[in-house]
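Here is a friendly briefing on a structure with chains and ligands. Have the sequence and the 3D view ready, and follow along one topic at a time.

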Amino acid sequence: MTDKTDFLNGNVACAEGALAAGCRFFAGYPITPSTEVAERMALRLPKVGGVFIQMEDELASAAAIIGGSWAGARTMTATSGPGFSLMMENIGYATFTETPIVIVNVQRGGPSTGQPTMAAQGDMLQCRYGSHGDYSVIALSPSSVQEMYDLTVKAFNLADRFRTPVFLMTDETIGHMREKITLHSNVEIIPRRELKEGELPCAPDENGVPGFGTFGMGHNVHITGLTHNEKGYPATDSAEIHEKLVRRQVRKIEDFRNEIADVDIVNPDAELVFISYGAPTRTVRQLLNDNPDTYGHLNLRIVWPFPDESLLAFKNAKAFIIPEMNLGQIAKEVRQHTNIPIVVVPKLGGALHTPAELLKAVEVAKTVKKPVTEVRL
Amino acid sequence: MNLEDWYRQDRLPHIYCAGCGNGTILNCTLRAVEELDYKKEETTFISGIGCSSRAAGYTSSDSLHTTHGRALAFATGLKLVKPRQHVIVFTGDGDCSAIGGNHFIHACRRNIDITVICMNNNIYGMTGGQGSPCTPYGAISTTTPYGMQEQPFDLCKVAEAAGANYVARWTSFHVKELTEAIRVGLETPGLSFIEVMTQCPTSFGSKNKMRQVTQMLDMFRDNAVLKAKADRDAAKGILPSPEKFVVGQFVRRNNPPLGVEAAK
Ligand SMILES: Cc1ncc(C[n+]2csc(CCOP(=O)(O)OP(=O)(O)O)c2C)c(N)n1
Ligand code: SF4
Ligand SMILES: [Mg+2]
């Protein structure tokens, strides 16, 4: 088998990436603009020995893929804002029970039902913080159809390596646009580490990740969303066990920020540096093309955990310009890691930033002194 | 394996109050599993949240203690990926019919090959005795201090109407019949729903003039009407009195199930 070239939309490419990564169970509930992911999985999964199911809602979709994951499959769901909100409860369950799952959020304009057919990046903080309690997650953000495919594959590997929910935080633009794409005949698969005999089901290894006690393999594990000890048994009254568990689960991801980081660094000597992820990356790239060697660019393929060390690559930076299709969600995170002035370029409503709008931000950035300045487009 | 082997010995004794009916129901379930000679690696217990749902933590094979009301959705995913597993779900009246009501209806409709054991104590036990969708009309709970003003669900009718292949109701008093019903439920492909009326002396009995555990068990014995008798009465036009409830097997049918290996 050889690689295959195709011309697909982003959502279909995402489904194909999942299949290539060995995803064999998908549970979902239709919602614009993510539905093509489910439809493609419904069509393709039965042909490769997998199972597709349309659940009664997104609470159930998230629950079903967690159940499927404990049965040993790579599992996924896809949704958009309203469904993402419903998934928060079981996302928390997945983080606390260390269940590998992949959740695709094809973002649309919110809050509430908002703009069903318009692109947005308004769920970036919800993705990081939306469920209750302290936890950490991994989130990827593709800016092309090819990346929809490649990063979906990567999402499954990260989910298994870190035993955590991994989010593909894309948007309507990338989900619905068509581009040429290479479908690989072979993708790298890094399987989850099975629990070894004699190993406790919730005791961490040297990476802070326990072995996975797949159901039906004779491990006889008990898995609970209550605070649990290393055996996996409820231990809700112990402050010590609770703190140790929460901190370990956060650290198993945060300590590997730099291993997880996946960024493009362009023109690191530049004084004015764009930071972007997802659809706005495309406009930034166009501007850089039109004005070679003028601006720096940090493109984030992985947004969470935030790859803060990559900011240090821009030694001459006088300002970071951050175009986002929200009111500056990742700009807040950048602010926590740098004293360099930040120019926030929010855009709501669904249209991409234009190069002219980015140039307007450049003009502001040239003389900016305040820690944070918002450009009104 | 014998019955003790099905208990997770290093987690005993369990958290249930003295006189709670849940231990009896767990015991009947494990006895049925043992009678069927299931293997541990083929048997998975899944539950939601509540006193009843803690039962999954006391079984010795793989078990998943999930979120409130959602056990059936978790179970659906697990069963579809591993159809060879015998999947048994423990749930409570609140877990199953309030927060999990939609999942319950849809699991029955799909007729997914899972056995659901609902411990109906007519109350939210774990949170200290609030009213549930199964709290009888007029009954006292901490959130119905003047008596419940809503009608309760008949969970078996819901399960039957929604499409479950096997539906039965017994009580914690009817230990033999209950064990047998669970066994039949486990052997019936598709969704098997077994409702067990059970006593929560702490949060229900104490507020509803049944302070003694024996009073509740006597009530189950006296108020349970066998299905055959209820049918005969109905044919004669005799109306059931409101404190009575019907026990027995309501349906056993052979509609196509989801999540069994052959049908996959
Ligand atoms: C989302 C959510 N809401 C509320 C609760 C609190 N809660 C825990 S158990 C319970 C009621 C359980 O009642 P039931 O299912 O009848 O079980 P029982 O304790 O009576 O066996 C509630 C409301 C919760 N854990 N999660
Ligand atoms: S509160 Fe009620 S249901 Fe819960 S353990 Fe006590 S008696 Fe049983
Ligand atoms: Mg109850």
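Helix 3 (residues 93–99) of chain B supplies 3 residues to the shell around ligand 1, the largest share. This is a predicted model, in which local features need pLDDT of at least 70 and side-chain atom pairs count only at pLDDT 80 or more, while totals for chains, interfaces and linings use all residues. Residues are numbered from 1 along each chain as its sequence is written, and chains are lettered from A and ligands numbered from 1 in the order in which they are written. Helices (H or I, at least four residues) and strands (E, at least two) are DSSP runs, numbered from the N terminus.

**The two ligands**
- Ligand 1 has 17 residues around it, and the closest are B:G50, B:G92, B:G94, B:D95 and B:G125; a residue counts as near if its C-beta atom, placed from the backbone, lies within 6 Å.
- The shell around ligand 1 has 6 nonpolar, 9 polar and 2 charged residues. Here Ala, Val, Leu, Ile, Met, Phe, Trp, Tyr, Cys and Pro count as nonpolar, Asp, Glu, Lys and Arg as charged, and the others, Gly among them, as polar.
- Around ligand 2 you will find several residues of chain B, including B:C17, B:C20, B:C51 and B:C200.
- No charged residues occur in the shell around ligand 2, which has 7 nonpolar and 5 polar ones.

**Where chains A and B meet**
- Contact (C-beta atoms, placed from the backbone, within 7 Å) links 35 residues of chain A with 29 residues of chain B.
- Helix 3 of chain A gives the largest share of chain A's side, 9 residues.
- By class, that side of chain A has 21 nonpolar, 11 polar and 3 charged residues.
- Strand 10 of chain A runs parallel to strand 2 (residues 63–65) of chain B, joined by 3 bridges; strands pair if DSSP finds at least two bridges between them.
- Look for A:H222, which stands opposite B:S63 in strand 2 of chain B.

**Two helices of chain A**
- The axes of helix 3 and helix 4 of chain A come within 7 Å and cross at roughly 30°; axes are lines fitted to C-alpha atoms, for helices over the stretch in contact, and angles run from 0 to 180 degrees between N-to-C directions.
- Among the residues making this contact are A:L59 and A:A62 of helix 3 of chain A and A:L86 and A:M87 of helix 4 of chain A.

**Confidence**
- Chain B averages a pLDDT of 97, and 99% of the residues score at least 70; pLDDT is the predictor's confidence in each residue, from 0 to 100.

Definitions and conventions:
Two residues are in contact if their C-beta atoms, placed from the backbone, lie within 7 Å.
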